[in-house]
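Hi,

Here is the structure you will be working on. Have a look at it first, then read my notes below.

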Amino acid sequence: MYDTLLLPTDGSEAMETVVEHARDIAERRGADVHVLYVVDDRAFLTLDDDRIPDVTDQLRAEGERATDDIASAFDAAESSVSTEIREGNPSDEILASVEERDADLVVMGTHGSDPTRNMLGSVSQKVVTLSSVPVLTVDIADADADSSAIDTAIDASSDN
């Protein structure tokens, strides 16, 4: 059922909880994992043109660190892991990657319903709304979220 997982990251430490869920699904399903970091080019709208290359380089370096860290979390798993850094609107790039990678499931973090949090919440909402595949959102506002619900759901689907 889930052969390819797309795991978008914003590079935050709270992603550890999301990675745990993705790793569990990948191990149970033998799924490949594609880790994606999107350099949000909307942040460049207010920058002077001469500063854009420096900011882009810094954000790409952050993306490389974030995707490498997540990929290393899968080393012990039997899953194939690939990484990618893209530039653009995060939700648009995530949705494009779903189609290009023929992903079966997106596993991503969300800050829940708190509108005062950063852009990730609105990104996850757009992905959930427009995705052609199921999206598992993990509330990273509380990094200690209980994973029993996903365990129950995966176990139930394994029985089918």
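By class, how many nonpolar, polar and charged residues does the lining of the second largest pocket have? It has five nonpolar, three polar and six charged residues. Here Ala, Val, Leu, Ile, Met, Phe, Trp, Tyr, Cys and Pro count as nonpolar, Asp, Glu, Lys and Arg as charged, and the others, Gly among them, as polar.

Some ground rules. This is a predicted model: local features need pLDDT of at least 70, side-chain atom pairs count only at pLDDT 80 or more, and totals for chains, interfaces and linings use all residues. Residues are numbered from 1 along each chain as its sequence is written, and side-chain values use heavy atoms, without hydrogens and water.

Back to the pocket. A pocket is an open set of points on a 1 Å grid over the protein atoms alone, where a 1.4 Å probe fits, with protein on both sides within 12 Å along at least five of seven lines; lining residues have an atom within 4 Å of a point. The lining has 14 residues. Ser-12, Met-15, Glu-16, Asp-69 and Ile-70 lie nearest the centre. Helix 1 (15-29) gives the largest share, five residues (helices are DSSP runs of H or I, at least four residues; strands are E, at least two; both are numbered from the N terminus).

Now Asp-102. This residue sits in the loop between helix 3 (90-101) and strand 4 (105-110).

Best wishes
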